[in-house]
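Subject: Structure for your review

Dear colleague,

Please find the structure below, followed by an account of what was found in it. I would be grateful if you read the text with the structure open beside it.

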Protein chains: 2
Amino acid sequence: MKLRIFVTLKPGVLDPQGKAIHKALGGLGFEGVNDVRAGKLIEMDVADATDDAAIDDMCKKLLANTVIENFRVERV
Amino acid sequence: MKLRIFVTLKPGVLDPQGKAIHKALGGLGFEGVNDVRAGKLIEMDVADATDDAAIDDMCKKLLANTVIENFRVERV
């Protein structure tokens, strides 16, 4: 079973990587960019028997820092 | 207009970050993980007038290294 896990910073958490991208886009002459937030995408191939609780556990224990990040799991 | 840009390593390109996550999941006792690939997710808010060509250009010039990475743009 293929999974896509999206890890994004919670709203309000400062995002220096996003800010750097935003500034660099401006420097390259791209207009009209209002905001940029950077996150992570983790693609996983897991055994079909893996249940939702285990996937949730993986995210909470390793993949996302739930103090400052949200995560969303999508089955492909 | 909100965009989500997914940047992933091309198949065959070595992914040390993915390998590290895979190993760490094993170390935490999670069974049945076959493969892990790490990528980037960039969420952007751009002016509605921004056309596809400009977005494509942003990805090719800054957001993705097209030698080793693929990108996909999704409008939210």
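Between them, chain B and chain A bury about 2,600 Å², where buried area is the accessible area (1.4 Å probe) that two parts lose on being put together, summed over both. Of this area, 67% is on carbon and sulfur atoms. B:F30, B:L41 and B:L62 supply 20% of the area that chain B buries against chain A, more than any other three residues. In terms of contact (heavy atoms within 4.5 Å), 32 residues of chain B meet 32 residues of chain A.

This is a predicted model, in which local features need pLDDT of at least 70 and side-chain atom pairs count only at pLDDT 80 or more, while totals for chains, interfaces and linings use all residues. Residues are numbered from 1 along each chain as its sequence is written, chains are lettered from A and ligands numbered from 1 in the order in which they are written, and side-chain values use heavy atoms, with hydrogens and water left out.

The two chains also share an open sheet of six strands, in the order β3(A)-β1(A)-β2(A)-β2(B)-β1(B)-β3(B), with antiparallel pairing. Helices (H or I, at least four residues) and strands (E, at least two) are DSSP runs, numbered from the N terminus; two strands pair if DSSP finds at least two bridges between them. At the edges stand β3 (69-75) of chain A and β3 (69-75) of chain B, each with a single partner strand, so one side of each is left without a neighbour in the sheet. Strand β1 (residues 2-9) of chain B is joined to β3(B) by seven bridges, and B:L3 stands opposite B:R75 in β3(B).

Helix α1 (residues 16-27) of chain B has 12 residues. Its buried residues (under 20% relative accessible area, 1.4 Å probe, protein chains only) are B:G18, B:I21 and B:L25. Seen down the axis of α1(B), they fall within an arc of 60 degrees (taken from the directions from the helix axis to the C-beta atoms), so they line one face of the helix. These residues pack against β2 (33-46) and α2 (52-63) of chain A, together with β2 (33-46) of chain B. On the other side of α1(B), B:P16, B:K19, B:K23 and B:G27 are exposed, that is, over 50% relative accessible area. After α1(B) comes B:G29, whose phi is positive, near 95 degrees.

Yours sincerely

Terms used: Expected span 1.5 Å × (residues − 1).
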